[in-house]
Amino acid sequence: MRERIRILIARLGLDAHWRGSIIVAKALRDAGMEVIYLGNKMPEAIVEVALQEDVDIIGLSSLSGNHNILAPQVIEILKQKGENTLPVILGGIIPQRDIPKLKEKGITEIFGPGSSLKSIIDFILSKNSFD
Amino acid sequence: MGERQKNFNDKSLREIQKESLLWKKSLKENDESTEPVESLSGIPIEPVYTPEHVAGTNYLEDLGFPGQMPFVRGVYPTMYRGRLWTMRQLAGFGPPEETNTRYLYLLKQGATGLNSTFDYPTLRGYDSDDPLAIADAGRGGVAIDTIEDMGLLFQGIPIDNVSVSLVTCQPICNISVQSMYFAYAQSQGISMEHLTGTSQNDFMMETAITIAPGVLRPEASFRLCCDAIEYCTRHAFRWNPVSFAGYNYREAGCTTIQEIAFALQNACACVEELIRRGVSVDDFASRLSFFFSAQSDFFEEIAKYRAARRIWGRIMKDRFHAEKPRSCALRFHVQTAGASLTAQQPLNNITRAAYQALSAVLGGAQSVHVDAYDEALCMPTQLSSLTALRTQQILQHETRTTHTADPLGGSYFIESLTNEIEERVLSLMDEIDTLGGMVKAVSSGWIHSEIAASAYEYQRSIESGKIKVVGVNCYRNEEDIPIEIFEVPETVEVQRRKLERIKKERNNQKVRAVLDSIARACESNENLMEIMVDSVKERVTVGEVSAILKAQFGTWDPPLF
């Protein structure tokens with residue numbers, strides 16, 4: 001295992017809010033992780049970069065309401081490429097009632113509004129030591 | 001003018017100072033709390049304010065009367081007695097037919113203006129059937145692809161009587177959407193001189209504040225913004241062609257000081273450019289409008305609006321030599337802070353937004369949007385948007401806060417805070433001047449790192465408990481009361497069918513010709529909006545126009561991280 005956790009952070013589709021994803025990116029970097037900040041991309045491009053960069057985890061951000069369509073697509077495409085274990089976490093405005101369905105479709109964890117940076121960092125660290 | 005008169009004479013000030021020292025000493029002796037306290041933007045706050053804190057103020061020069069320079073006490077002589085603020089609730093979702101129903105509902109319930117939000121694809125210049133748009137069409141606002149959609153959006157609404165705000169965000173969206181609105185008005189036989197309303201059209205929106213694929217370079221985006229201002233000065237002089245979106249800067253993470261300094265510097269850049277183009281400052285200045293946030297620090301926000309008015313009044317008069325008083329009056333819309341809303345215990349947001357709206361009213365806002373309680377979870381339902389509108393109506397008709405102008409003016413605390421905010425804003429504006437102005441501050445990436453740093457700092461303050469958020473870092477409930485979640489109506493298919501039909505029906509030869517003329521205008525200095533208002537009548541799409549603008553001007557990757 002390499003020394004630093006590598007995470008790819010991407011915003012889904014055309015969602016224009018960057019505040020949350022940048023704050024999380026800064027916090028993960030300050031926690032010693034290597035952060036690749038991709039900006040807005042569609043699922044195919046996110047998976048392509050994730051595999052190219054050999055990341056340990058993907059972090060998706062969405063506040064526009066596009067998460068139910070695009071987040072599961074990321075999992076779908078990962079599976080098509082034979083990648084079944086890469087954790088994918090999602091943050092943003094995700095209503096409670098969407099969470100079970102998203103988890104069922106393979107999203108590892110969801111961080112809705114009000115989530116603390118610490119809870120995100122702790123989760124990523126725990127994920128990485130399990131694997 | 002002779003020596004600067006002060007509000008208090010030296011003798012009485014000395015006496016107050018002496019007593020004040022004794023009072024402070026007694027606090028310590030009696031173990032009263034003298035721990036340092038700060039405002040949300042980091043201004044140290046005293047336990048009490050006295051004439052000492054405003055000793056340098058000259059009433060007539062620094063405060064004056066409402067409707068007069070420097071407009072600290074409000075932009076109109078009798079403020080809300082003469083004209084209540086416009087209750088302008090945001091609405092936009094799904095295809096235009098659906099949003100139209102919400103507009104008619106809000107007007108029937110007593111809204112006095114409309115506030116149209118557009119979906120992510122429209123804002124970024126993509127048609128609803130674009131592969132990039134499939135998951136975002138109809139979200140965050142209404143989908144507009146052609147002038148036909150504009151007609152559907154405003155069907156049955158007398159737009160010659162209702163003032164409409166088009167929240168187009170960035171110029172690349174505005175150039176199409178505002179043109180469609182004007183062309184639609186013409187098709188209804190309404191003269192553009194009679195149209196009242198506002199377009200957002202702020203170049204910082206796309207380049208720094210909300211970022212998505214296909215951002216124009218800051219210089220190009222700024223040019224489109226100024227083209228719209230110049231166009232309206234000639235043809236639609238009751239229309240506010242730009243709204244400097246300090247609100248959105250704040251939402252992205254700015255402090256209250258940055259919010260005002262960045263918005264005012266953006267406005268200064270536009271004034272300079274319009275003057276450079278040969279437009280007289282008094283012909284357009286009174287139509288520049290501002291959009292600010294109402295965050296949760298009640299007094300700081302009130303002082304902020306007052307400080308912004310004084311700074312702008314003096315800049316317009318002293319630096320740009322505006323002669324008409326109206327040119328020096330900063331008019332603004334306020335939205336209660338979306339970023340302050342919590343997903344936890346969502347009904348608490350009603351209370352939060354009501355306090356914030358009260359600060360906007362005590363600060364002299366011209367129009368207000370109150371956030372709906374469910375906005376941290378979804379787009380507003382009919383019930384939540386009605387509750388937000390009722391919050392405004394309670395303010396207007398029950399609280400009796402509308403009877404006198406600037407009711408907190410003269411408070412030692414408010415005046416001192418107004419002075420302090422003014423000083424800090426001016427110093428940040430000086431820093432931007434040394435960077436070469438707002439457009440350069442954006443293209444160099446300076447602005448992005450400043451905002452991101454403030455946003456990060458704010459979040460850390462919440463996590464450390466320095467900033468308290470009820471329901472999030474204190475007074476949490478294990479179980480939340482569930483609320484109804486809004487479902488966005490089917491949009492992509494509805495819009496796709498329309499686009500297919502339109503592309504068959506329209507005269508595609510003419511479409512190609514107008515698109516060519518748009519491309520040519522990009523290369524010259526010709527005003528693009530002059531061409532656009534006629535072009536959109538051929539039912540060219542938002543996506544077609546934006547593709548040309550992006551190809552001609554090139555796109556840019558804002559340096560965010």
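## Contacts within chain A

In chain A, 73% of the contacts with a separation of 6 or more join residues 24 or more positions apart. Two residues are in contact if their C-beta atoms, placed from the backbone, lie within 7 Å. This is a predicted model: local features need pLDDT of at least 70, side-chain atom pairs count only at pLDDT 80 or more, and totals for chains, interfaces and linings use all residues. Residues are numbered from 1 along each chain as its sequence is written, while chains are lettered from A and ligands numbered from 1 in the order in which they are written.

## Fold and size of chain A

Chain A has five helices and five strands. Helices (H or I, at least four residues) and strands (E, at least two) are DSSP runs, numbered from the N terminus. Along the sequence the pattern is β-α-β-α-β-α-β-α-β-α.

The C-alpha atoms of chain A fill a box of roughly 35 × 35 × 25 Å along the principal axes. A compact globule of 131 residues would have a radius of gyration near 14 Å; chain A has 13 Å, which agrees. That radius is taken over C-alpha atoms, and the globule rule is 2.2 Å times the number of residues to the power 0.38. Buried residues make up 53% of the 131 residues in chain A. A residue is buried if 20 or more other C-beta atoms lie within 10 Å of its own, exposed if 12 or fewer, and partly exposed in between, with C-beta atoms placed from the backbone.

## The largest core

The largest nonpolar core has 200 residues. Such a core is a set of buried Ala, Val, Leu, Ile, Met, Phe, Trp, Tyr and Cys residues joined through C-beta atoms within 7 Å. I58(A), V74(A) and C270(B) have the most contacts inside it. Helix α10 (residues 256–276) of chain B gives the most to this core, with 12 residues.

Leaving aside neighbours within four places in sequence, I58(A) is in contact with L8(A), I46(A), A50(A), V74(A), L86(A) and V88(A).

## Where the chains meet

The contact takes 31 residues from chain B and 29 residues from chain A. On the chain B side, α4 (120–124) and α17 (446–464) each supply at least two residues. α17(B) gives the most, with five residues.

## Helix α17 of chain B

The 19 residues of α17(B) should span 27 Å at 1.5 Å a residue; its end C-alpha atoms are 27 Å apart, which agrees. The expected span is 1.5 Å times one less than the number of residues. Buried residues of α17(B) include I447(B), H448(B), E450(B) and Y458(B). Just after α17(B), G465(B) takes a positive phi of about 85°.
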